[in-house]
Amino acid sequence: MADPTDFPELDTSVPQTARIWNYLLGGKDNFVVDRAVGDQIVESLPQFAEHARLSRRYLVRAVRYLAGEAGITQFLDIGTGLPTADNTHEVAQATNPHAKIVYVDNDPLVLAHARALLTSTPQGRTAYLDADLYNPDKILERASETLDPEEPVALMLMGILGHVESDEEAKRIIDTLLARFPSGSYFAMYDGSDTDPAVREATRIWNISANPKYHLRTPERIRSLFDGLELVEPGVVPVTRWRPGPDAADAAEISQYCAVGRKP
């Protein structure tokens, strides 16, 4: 764990992605500037907050699949954001109490709440790293203190790759991270697509005010991020279509796309 004195100063005058998302999910770890952007987005796209909640429900289903059916006991969750309900470690360890989870983020407010994330079952382990997505080698070096690189891992990049404008850079990051882990590892993600004009407008509003900016991709471009991996059924689909539960709300189709892939 980094020395708290090394953490960047918290600037409450500039909207931040993690805090806006926290607000949309109904959390309380946000400021007036974050709520103002969130309200602008919801005014443009009233269902946006529901999209955030549906994306979180996909995360829960994906982690349950990985920790259960896929037998994964190690999770590397990068860009975890502020703690809300159903965090990765809670879902994974509810399925397998021996699961080990490493969270990675570099947002000042997230760092301030790291203690809330650093919880675990007695059998498992949860750790938190202050590191940047653009430095995957540092992430891997620090994560190896908790995760066994000889055993499969689930790489989680939920809602974060949209902040990487270049497809080539996004793919480089994914491949660098997965290269450190053996066959049978997984990559799970979701991100916004450009399939809905209202979402495109909400993203435009987001990018005027928030930091960092967000870049929508076509479903085909999202699919290309899984090149070299074996897609888990049903492939690249809206988050509500990935192994949906019995809840009727999951039948709605939204522009947040997701997939889970296995390293052969």
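Buried means under 20% relative accessible area, exposed over 50%, and partly exposed in between (1.4 Å probe, protein chains only). By that rule Phe187 and Phe226 are both buried.

This is a predicted model: local features need pLDDT of at least 70, side-chain atom pairs count only at pLDDT 80 or more, and totals for chains, interfaces and linings use all residues. Residues are numbered from 1 along each chain as its sequence is written, and side-chain values use heavy atoms, with hydrogens and water left out.

**Aromatic pairs**

Rings of Phe, Tyr and Trp (its six-membered ring) pair if their centres lie within 6.5 Å; planes under 30 degrees apart are stacked, over 60 edge-to-face, the rest tilted. The count comes to five aromatic pairs. Two of these are tabulated.

| Pair | Centre to centre | Angle between planes | Type |
|---|---|---|---|
| Tyr58 and Trp242 | 5.7 Å | 85 degrees | edge-to-face |
| Phe187 and Phe226 | 4.7 Å | 25 degrees | stacked |

Tyr58 and Trp242 are 184 residues apart. Tyr58 has 0% relative accessibility and so counts as buried. Trp242 is also buried, at 0%.

**Asp105**

Asp105 is buried yet has no salt bridge (a side-chain nitrogen of Lys or Arg within 4 Å of a carboxyl oxygen of Asp or Glu). Its nearest side chain of opposite charge (Lys and Arg count as positive, Asp and Glu as negative; His and the chain ends are not counted) is Arg56, 9.7 Å away. The backbone nitrogen of Thr80 lies 3.4 Å from a polar atom of the Asp105 side chain.

Methods:
Polar contact = N/O pair within 3.5 Å; in protein donor to acceptor, adjacent residues only side chain to side chain. Helix = DSSP H or I, 4+ residues; strand = E, 2+ residues; numbered from the N terminus.
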